[in-house]
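Me: I would like to learn how to read the pockets, helix contacts and sheets of a protein model. Could you take me through them one by one?

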Amino acid sequence: MKLLHGGNIYEERPDGKELLDFSANINPLGMPESVREAVMRALENAVHYPDPLCRKLKKALAEEYGLPEETLICGNGGADLIYRLAYGLRPKRALLTAPAFAEYEEALVQAGTTCVFYELREDFQVRFDILERMEEPLDVMFLCNPNNPTGLLIDQALLLEILEKAARRNILLVLDECFLDFTGQEERSLISYIRKAEHLFILKSFTKMYAMPGIRLGYGVSGNRELLARMEAAGQCWGVSVLASAAGIAALGEREYKRRAVELVRKERAYLKAELEAAGLQVWDGQADYLFFRAPGICDLYGRLLPLGILIRRCENYRGLGADYYRVAVKDHEANERLAEAMKDVLRMGAGSESRPHAGAGHTERGE
């Protein structure tokens, strides 16, 4: 079975040409030079096993957030930590939003968890009625803020009510903030609640902001030390390589790079949204480094763009979405212009195939 996911450049190279990859949401500024240099310097230490406790990296993260090192866990990307949590906790029943990053469901199901879903409506917003769903017997719930694939943020007042109710109902709230840095609204993060909210686990990643998906580095934050201990025990001993750890430490010092990235993404996201809407597409007002849109009735948009050397993200394998939903990364202006022009050209080709039924649980997604 062919996996549908972002960044799958290894299978989609028409005529051997280089692809312009809009399917993976990576910082358009590219990897910071300091990160590249740190990886190169770390090569001489690659003859040794990595520190299984990631002490230097945790120390740098603790200083960044003003938190005890004991509240941190590091892993081989965000997905590694999702699986560690699922296998370490083995919850009986979990609440997930739909659509959302499918790795949550996949990891939980493999760990024997029963998943129930809060189906997002046509505007794809999480609403206050999710609080009613929390009255059900639940061990854990996953929220992605901003959501993947929509890029939409959760109302902050609602998010705090969810956090409060999770504590009352003894539900672990897993909050995926991997794309929050790109919004320029980091004050929305719940990291400041970690010390007093033992029912909170926050997932973060270096992958997207610092353009290093091939290095694989993510981290989690929680005041629940028993949970973190179980997660550590649920994965391999050397989950974070010497190179990844060095890259993460260097990345934390890149504050000006991060500021420029947020500004660039904000500007280019607005441009690209206007261009896609001008092409007749329905585009949601996402706040991350990607845009989610629908091409009503056009289910072959991916195939139309591929011969032009452009790769976009099909979203039909997200739970609840049909074959005419897509997602594109926000890149630099030249690349975004190329996508906009190509999109207008291929949309003139006709309506394409009819929409297929909504995707179900049988579809598989890996990656972003």
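Me: What volume does the second largest pocket have?

Reply: A pocket is, on a 1 Å grid over the protein atoms alone, an open set of points with protein on both sides within 12 Å along at least five of seven lines, whereas a cavity is a set where a 1.4 Å probe fits but cannot get out, and lining residues have an atom within 4 Å of a point. Grid points are joined across faces, edges and corners, and a volume is the space filled by probe spheres set on the points. Here the second largest pocket has a volume of about 320 Å³. This is a predicted model, in which local features need pLDDT of at least 70 and side-chain atom pairs count only at pLDDT 80 or more, while totals for chains, interfaces and linings use all residues. Residues are numbered from 1 along each chain as its sequence is written, and side-chain values use heavy atoms, with hydrogens and water left out.

Me: Which residues lie nearest the centre of the second largest pocket, and which helix gives the largest share of its lining?

Reply: Helices (H or I, at least four residues) and strands (E, at least two) are DSSP runs, numbered from the N terminus. Of the 15 lining residues, Lys-56, Val-242, Ser-245, Ala-246 and Ile-249 lie nearest the centre, and α8 provides the largest share, four residues.

Me: How do α1 and α8 cross?

Reply: Axes are lines fitted to C-alpha atoms, for helices over the stretch in contact, with angles from 0 to 180 degrees between N-to-C directions, and contact means heavy atoms within 4.5 Å. The axes of α1 and α8 come within 8 Å and cross at roughly 145°. On the α1 side the contact includes Val-35 and Ala-38, and on the α8 side it includes Leu-243 and Ala-247.

Me: What is the strand order in the open sheet, and which strands are at its edges?

Reply: Strands of a sheet pair through backbone hydrogen bonds, either parallel or antiparallel. Two strands count as paired if DSSP finds at least two bridges between them. In this model four strands form an open sheet in the order β9-β10-β13-β12, with antiparallel pairing, and the edge strands, each pairing on one side only, are β9 (282-283) and β12 (313-314). Two bridges join β12 to β13 (residues 325-329), and Arg-313 has Arg-327 in β13 as its bridge partner.

Me: Which helix lies across this sheet's strands β9, β10 and β13?

Reply: Helix α9 (residues 255-278) does so, running at about 15° to β10 (290-294).
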